[in-house]
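Dear colleague,

I am passing on the structure we spoke about, with the sequence alongside it.

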Amino acid sequence: MRRLLPVLAVILSVFFAGPAKAETGHDLWLRYRPIETQHRASYAVSQWVMPAASPMLAAARGELQRGLAGMLGAAPPQVQAVSADGALVVGLAASPLLAPLALPAPGREGYVIRAARLNGHAVTVIAGGDEAGVLYGVFAYLRQVQARQPVADTLSAPRNQLRLLNHWDNLDGTVERGYAGASIWNWPVLPEHVPRLIAGYARANASIGINGTVLNNVNAQAAILTPAYIEKAKAVADALRPWNIRVYLSVRWSAPIEIGGLTSADPLDPAVKRWWADKAAEIYRAIPDFGGFLVKANSEGQPGPQDYRRSHADGANMIADVLKPHGGIVMWRAFVYADDPARDRAGAAYREFVPLDGQFRDNVVLQVKNGPLDFQPREPFSPLLAAMPKTPLMLELQITKEYLGQKTHLVYLGAQFSEVLQTDTFAHGPGSTIARIVDGSLDGHRISGIAGVANIGNDADWSGSIFNQADWYAFGRLAWDPGLSPRAVAAEWAAQTFTADPAFTGPVTEMMMLSREAVVHYMTPLGLHHIMAHGHHMGPAPWDAIGPREDWKAVYYHRATKDGIGWDRKASGFTAQYKPPLAERFADVATTPEDYLLWFHRLAWDHRMPSGRTLWEQMVARYRQGVDEVAAMQAGWAKMRGFVDAERFAQVSDYLAIQHREAIWWRDACLAYFAQFSGQPFPKDYAPKYPLAVYQAMPAYASPPP
Ligand code: BDP
């Protein structure tokens, strides 16, 4: 009986760890639940060897211990030298332990996983090119086991050097465009107390290869550079460092005036430069591996070098010069549209920055949003990405769903991110994908990177919903390797987050892929854009025509009248910002994909679509399709009840019900509005439930009953 007890315990633990156990989602994709009996033999580990002489290696070892203990029931014995078949051996590829194996060189942050023979025994080796590589190798191994994939021979290194989250966190604990609770930094208790949440955040990021984080909002407050906040940032940096994550800060251009007592922030003023140099030195004394600054300047009312009639290059270079001796970089944002809204806003960043190509220091990287506008459900790519070969360009994606249903809508962004990365810009002929521009390989740049605007807060599930976690996950995986299939990433996430049973991962992956198209259909089909409510950006408001700037109004973008709808962006000069053959392709209605139709063209309501429908009929059909797709997602999820614990199952079901109601809201409000102009009837089997005035009178954040 004594010998049977452990066996019984394992059987019971497997039994009771089944889907019934409620989960908050706090464990993310790092749940390490026991492996089902039938898979145990494939993942058996007899013993493990892992020297860990540094904080980072200790972090990796702790994670492996945790993962093995969780999944195998108990961690196998840790030994000093391999003495049995089936051992797991982990370390630096160049260490005395592993060097004799002459493994392929994993490179910086890279790792190798291999079956090998050591001391006459068959073993599995995880070897890192450096300590970070060991950490990432351990997570890759745990991922394969959790997803019940074969532990495969793997050689992997990141394609992008900088894989960063941008937190739009304010110092008062709020998060701009955050839908997952308050800021996780908890500034008031730092530096004395470093909340556990921060280490959990670091682990999660390390598990998907994220290696840097900008702590505060791009709409920065000068106070972040005061000694008190530098101490707080140091405490965070110390907690993140073992997980290979560096800290960066967003800075406010006018900080020398606001907290430095100067009268100017002119980048060419020696006193200003001295202030920044002293500030950089102060930061590096506290945080020796500090990454650098992110700057939003002369954008949406923020101060910047143009206030002193200096260029963006003058500003970026001054900051770059003070960071250079410390090895820091400047990420200068290209999200700028200061010029006259009478000129097409979509073309503003290009007009501003292309003339500056070649003028930036070598530690400046220009951070460019994927679309020319602003994180819409679907945008053509920003032509700036293909037009600055002499400047390293970092891609900025938005993980938080500001324009895509915010907290509740299930929209898998991995599909969107991959679509962007795989887009061919033709910058230097075919094959000039955005992935190759940002990874530096197309133009031979030293710096490469991708930033994602984080969707993280102090909600129990971190991201506001269980499925929003997938967007954080996919961002990290695709920043590491933009070539990964978004479908495979979704499947891998679902397997770890819920269960690896293909009867679950198959349909759920399909649902996730569909969700990306669904949101475009029920919000902004046919290339419509920026027709959401003013300010909070939640819900439809194509009628929006209020506010100080023309280019903040929905009517500026869709231009609907009885004559037609859409924007002739050949006439605005915008299509010419693309390289051939795209410039010609987007300038011609016949060769513009339906997805971008009204983005690039102004068309009559009875314009004939390839489907044979009129433009109006096609618009109605797409909006209806979007709602139907959400209904299909709901029905699909309902069948997954048996695979998921009640708590998480219910959250997803409830949120899908909200999404369905709001998809109907989008469909009906937009179609009720556009119907005034279209001059064509609704199909016999459809009409918006309420008159337009009801939608227009809805209070903020509220949708009418379905
Ligand atoms: C827009 C957001 C705004 C940000 C701005 C930016 O609405 O909150 O400050 O982008 O990226 O998407 O600077």
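In which helix is the place of Tyr557? Tyr557 sits in helix 15, which covers residues 554-558. Please keep in mind throughout that this is a predicted model.

I began with Tyr557 and its surroundings. With a relative accessible area of 1%, Tyr557 is classed as buried, because the limit for that class is under 20%. Leaving aside residues up to four places away in sequence, Tyr557 touches Arg345, Leu373, His529, His530, Asp551, Trp567 and Arg569. Trp567 comes ten residues from Tyr557 along the chain, and the C-alpha atoms of the two are separated by 7.0 Å.

Strand 6 (residues 162-166) pairs in the parallel sense with strand 13 (residues 449-453) over five bridges, and Leu165 has Gly452 in strand 13 as its bridge partner.

Turning to charged pairs, a search of the whole structure finds 38 salt bridges. In one of them the side chains of Arg241 and Asp289 meet at 2.8 Å, N to O. That pair links distant parts of the chain, 48 residues apart, with Arg241 in the loop between helix 5 and strand 8 and Asp289 in the loop between helix 7 and strand 9. Both residues count as partly exposed, Arg241 at 28% relative accessibility and Asp289 at 21%.

Another salt bridge joins Glu594 and Arg622 at 2.6 Å, N to O, and this pair too links distant parts of the chain, from the loop between helix 16 and helix 17, where Glu594 is found, to Arg622 in helix 18 (residues 615-638), 28 residues apart. Glu594 is partly exposed, at 24% relative accessibility. In the salt bridge between Lys553 and Glu550, at 2.9 Å, N to O, Lys553 is buried with a relative accessible area of 10%, whereas Glu550 is partly exposed at 43%. There is also a network of salt bridges that links Glu23, Asp27, Arg31, Arg33, Asp645 and Arg648.

Finally, the aromatic rings give a count of 45 pairs. One of these is formed by Tyr596 and Phe600, whose ring centres are 6.4 Å apart and whose planes stand at 90°, so the pair is edge-to-face. Both residues are buried, Tyr596 with a relative accessible area of 16% and Phe600 with 0%. Elsewhere in my notes is one aromatic cluster, formed by Trp543, Trp605, Trp616, Tyr673, Phe674, Phe677, Phe682 and Tyr686.

Conventions. Residues numbered from 1 in each chain as written. Predicted model: local features only at pLDDT ≥ 70, side-chain atom pairs only at ≥ 80, totals over all residues. Heavy atoms only, no water. Helix = DSSP H or I, 4+ residues; strand = E, 2+ residues; numbered from the N terminus. Buried < 20%, exposed > 50% of the residue type's maximum accessible area, 1.4 Å probe, protein only. Contact = heavy atoms within 4.5 Å. Salt bridge = Lys/Arg side-chain N within 4 Å of Asp/Glu carboxyl O. Phe/Tyr/Trp six-rings, centres within 6.5 Å; stacked < 30°, edge-to-face > 60°. Pairing = 2+ DSSP bridges.
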